[in-house]
Amino acid sequence: MRIERQPAYLLHKRQYRESSLIIEVFTAEYGRLSLIAKGARRPKSPFKAALQLFTPMLINYSDRNELGTLTAAEQAADRYPLRADRLYCGYYLNELLVRLLHRHDAHEQLFRYYSQTLKQLARDTRSDKALRLFEKAFLSETGYGLTLHLDSSGQPVQADQNYLFSPEYGAQRLDAGHVNSQMVYSGKTLLALHKGEFPDGDTLKQSKFLLRSVIEQRLEHRPLKSRELFIKMRRTLTRETDEHE
Amino acid sequence: MLETIALERLKKALCALPGVGPKTAQRMAFHLVGRDRGGARTLSEAITGALQSIRRCRRCNNFSETELCPVCSSPKRNAAQLCVVETQADLESIETSKAFSGTYFVLMGHLSPLDGIGPEELGLDRLQRLLDEENIEEVVMATNPTVEGDATADFIAQLVKQRGIRVTQLARGVPVGGELEYVDRNTLAGAFQGRKDL
Ligand SMILES: [Zn+2]
């Protein structure tokens, strides 16, 4: 199958043989793919300028089983200029997609979310909000949507109550005075995340923990390298150990 | 058929060379053992000798036969200027250009979060020590103009600035002899940002 002018993003590249690359791309219509970019590391390769992270591309490729072949790549718009912390958010998105999307599963809606999230990360808006919305969309687009407005017995979640949350059982209301070692979420947080609006820092922070715990489960508790590295880099800069997380 | 085994071994070994596949390896092997045995001996001795004597410079990671490489130990080089490059090949290119008279630090790669290549893997603790122990006045970031190269440059720039040392980055522009029409958009954008008064 030959595909032409397919919108795509590069997620990861690794060296293959002397002068080629194996690239992971996220395409608008065909989901995540692995392609071989022959000669992409030669000095005059036509792929070189276009094959950059966080850059909208149009690609041509021929698809064969596991590994297709890239035949053309051009840059379709400016690279999203992610700097500092935002850049590592971008790497985090890429690692989620590489780790959790099956090859050849189409995710057109998720592709649009990915694009939007990069745009927001590149702008000077709050990155944590954009990330939470991406994580939520990512889970629902990959078949792990969260029920946040109803508790495990089917009752509407109350803003002034406290809940436990797990992907299997959903929100479980806690009786007053209940002591539990697990993370407790306010009904307000669950409803805020349900709507995708975060009225204050607390709901945003709790949403981060909730989404992280669900994603960690999906990753089978094998940690994300981009996150580990980000923490390590922060430590290098602050010269402190365990300053946070 | 002992010689066949030896020949196979040689062919396999030659495949370790960049750009050499089984066919080329066979041609090389036949040439070395058949037509040019003297040359083969010289080559074999040169490889053994190089492996024994060449190591990495203690200060900058450059290839060296001594603890400090010729660049680091030369009194003609300005040790207050430190140029950070990704690879040995980048260092060689800059040396060929004779555009820089300071010293280097070779990272041997760039930050690559999805591959787990971070500050430790790039030997940044050594770079930090170098910044702390020597009188460096300027660090020139000469990493590649890619997302990964820029990420590496940004991170190192923070480490350098923390110490109150000046950081610069190579300008990005249109290649000499190149035609604007064929220059990619990022290069052009960079060239515009870095324009100079005439
Ligand atoms: Zn040296």
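1. Order of elements in chain A. Read along the sequence, chain A of this predicted model runs β-β-β-β-β-α-α-α-β-β-β-α-α-α. The count for chain A is 6 helices and 8 strands.

2. The C-alpha trace of chain A spans about 70 × 45 × 30 Å along its principal axes. Of the 245 residues in chain A, 49% are buried. The accessible surface of chain A is about 12800 Å², and carbon and sulfur atoms account for 46% of that surface. For contacts in chain A between residues at least 6 apart in sequence, 57% join residues at least 24 apart.

3. A:Thr27. This residue belongs to strand S2 (residues 20–27) of chain A. Is A:Thr27 buried or exposed? A:Thr27 counts as buried because its relative accessibility is 0%, and the cut-off for buried is under 20%. The side chain of A:Thr27 reaches the backbone nitrogen of A:Tyr30 at 3.0 Å. Leaving aside residues up to four places away in sequence, A:Thr27 touches A:Gln6, A:Pro7, A:Ala8, A:Leu33, A:Ile59 and A:Phe111.

4. Positive phi values. Most residues other than glycine have a negative phi. A:Arg5, in strand S1 (residues 2–16) of chain A, has a positive phi near 50° and is not a glycine. B:Asn61 is not a glycine either, and its phi is positive at about 75°. B:Asn61 sits in the loop between strand S1 (55–56) and strand S2 (63–64) of chain B. With a relative accessibility of 6%, B:Asn61 counts as buried. A reader checking backbone geometry will find both residues here: A:Arg5 and B:Asn61.

5. Domains of chain B. The domain assignment gives chain B a domain 1 (5–53) and a domain 2 (76–174 + 186–191). The centres of domain 1 and domain 2 of chain B, taken over C-alpha atoms, are separated by 36 Å.

6. A nonpolar patch on chain B. Which residues make the nonpolar surface patch of about 310 Å²? They are B:Leu43, B:Ile47 and B:Leu51. B:Ile47 is part of helix H3 (residues 37–53) of chain B. B:Ile47 counts as partly exposed because its relative accessibility is 47%.

7. The loop at B:Glu121. B:Glu121 is placed in the loop between strand S4 (102–106) and helix H6 (124–133) of chain B. Its relative accessibility is 42%, so B:Glu121 counts as partly exposed. The side chain of B:Glu121 reaches the backbone nitrogen of B:Gly118 at 2.9 Å. B:Glu121 and B:Met108 are 13 residues apart in sequence, and their C-alpha atoms are 8.9 Å apart in space.

8. Salt bridges, and the pair B:Glu95 and B:Arg77. Side chains of opposite charge can pair when their charged atoms come close. Over all chains, the structure holds 17 salt bridges. In one of them, the side chains of B:Glu95 and B:Arg77 meet at 2.8 Å, N to O. B:Glu95 is in helix H5 (residues 88–97) of chain B and B:Arg77 in the loop between helix H4 (70–73) and strand S3 (78–85), so this pair ties together parts 18 residues apart in sequence. B:Arg77 counts as buried, at 18% relative accessibility.

9. The pair B:Asp132 and B:Arg163. The closest N and O atoms of the salt bridge between B:Asp132 and B:Arg163 are 2.7 Å apart. B:Asp132 lies in helix H6 of chain B and B:Arg163 in the loop between helix H7 (147–162) and strand S6 (166–169), so the pair ties together parts 31 residues apart in sequence. B:Asp132 is partly exposed, with a relative accessible area of 49%, whereas B:Arg163 is buried, with a relative accessible area of 19%.

10. The pair B:Asp150 and B:Arg172. These side chains meet in a salt bridge at 2.9 Å, N to O. The pair links distant parts of the chain, 22 residues apart: B:Asp150 is in helix H7 of chain B, and B:Arg172 is in the loop between S6 and helix H8 (185–193). B:Asp150 is buried, with a relative accessible area of 13%. B:Arg172 is partly exposed, with a relative accessible area of 29%.

11. A network in chain A. A:Glu24, A:Arg32, A:Glu66 and A:Arg103 are joined into one network by salt bridges that share partners.

Methods. Residues are numbered from 1 along each chain as its sequence is written. Chains are lettered from A and ligands numbered from 1 in the order in which they are written. This is a predicted model: local features need pLDDT of at least 70, side-chain atom pairs count only at pLDDT 80 or more; totals for chains, interfaces and linings use all residues. Side-chain values use heavy atoms; hydrogens and water are left out. Domain bounds come from an automatic or database domain assignment. Patches are made of residues with over 30% relative accessible area and no salt bridge: like charges are joined within 9 Å, nonpolar side chains (Val, Leu, Ile, Met, Phe, Trp, Tyr) within 5 Å. Accessible areas come from the Shrake-Rupley method with a 1.4 Å probe; for residues, only the protein chains shown count as cover. A salt bridge is a side-chain nitrogen of Lys or Arg within 4 Å of a carboxyl oxygen of Asp or Glu. Helices (H or I, at least four residues) and strands (E, at least two) are DSSP runs, numbered from the N terminus. Buried means under 20% relative accessible area, exposed over 50%, partly exposed in between (1.4 Å probe, protein chains only). A polar contact is a pair of N or O atoms within 3.5 Å; within protein, one must be able to donate a hydrogen and the other to accept it, and residues adjacent in sequence count only if both atoms are side-chain atoms. Contact means heavy atoms within 4.5 Å.
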